[in-house]
Amino acid sequence: MKDKIVLVGFGGHAESVIDSIEASGKYEIVGYTDTNNKINCRGYTYLGNDENLESIYLEGIHNAFITIGYMGKNDLRDKLYYMLKKTGFNMPVITDPSAIISSSAEIGEGTFIGKGCVLNTGSKIGRMCIINSCALIEHGSVVNDFTHIAVRSALCGNVTIGSHCFIGAASIVIQGITVGENVITGAGAVVTSSLPDGCTAVGIPAKPVKDRSL
């Protein structure tokens, strides 16, 4: 019998997560919560808003997964995570079967590993991360909590990415680089030197263009 799971929030990111859950065959999706009933919800049942999650837990559904994306612009995923933890929910790692993951890689709870991703030896992924389609996390690299590595991005060996970052699509972070917390890189950025907390960096090589902490 499959473990039952509820999805929290329904948007474009939920579509990708559903694909991976269905392909893995490990969980039965019982439905989703959101602020309102969605028109296209892949046939899954609307279970009400987030205020209903406690009653869902008490009914025996103890697995939950947050299926709203993170674009480096809000703390909604944080709030939902701590609310679910307080209620008692387990937040498993959801991994698409097409991902290639080293046996020595470590992945924190509530993280999503999408289609075609590669997590090489000794890589460490924190809680509530999104490692999106075809992203490469090379050996010894660390991605801290609540960070989103977007599609086709590559972290070369021994890279460290801080928490609450958004590494834009097709970005490349050169080996040994440290990226601070709350950093956004633009699509296609090539990061060749370390980036400070709270900046937005774009270009080749990537340069900070705005300090969001000011």
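Predicted model: local features only at pLDDT ≥ 70, side-chain atom pairs only at ≥ 80, totals over all residues.
Local features need pLDDT of at least 70 and side-chain atom pairs count only at pLDDT 80 or more, while totals for chains, interfaces and linings use all residues. Numbering starts from 1 along each chain as its sequence is written, and side-chain values use heavy atoms, with hydrogens and water left out.

**View 1. Cys129, in no disulfide.** Searching the whole structure turns up zero disulfides (pairs of cysteine sulfur atoms within 2.5 Å). For Cys129, the nearest cysteine sulfur belongs to Cys165, 9.6 Å away. Cys129 is buried, at a relative accessible area of 0% (buried is under 20%, exposed over 50%, partly exposed in between; 1.4 Å probe, protein chains only).

**View 2. Cys134 and Cys117.** The closest cysteine sulfur to that of Cys134 is in Cys117, but 6.9 Å is too far for a bond. Cys134 is partly exposed, with a relative accessible area of 32%.

View 3. Helices (H or I, at least four residues) and strands (E, at least two) are DSSP runs, numbered from the N terminus. After H1 comes Gly25, with a positive phi near 75 degrees.

**View 4. The buried side of H1.** His13, Ala14, Val17, Ile18, Ser20 and Ile21 are the buried residues here. They share one side of H1, because their arc around the axis is only 165 degrees (taken from the directions from the helix axis to the C-beta atoms). Gly12 and Ala23 are exposed on the face turned away.
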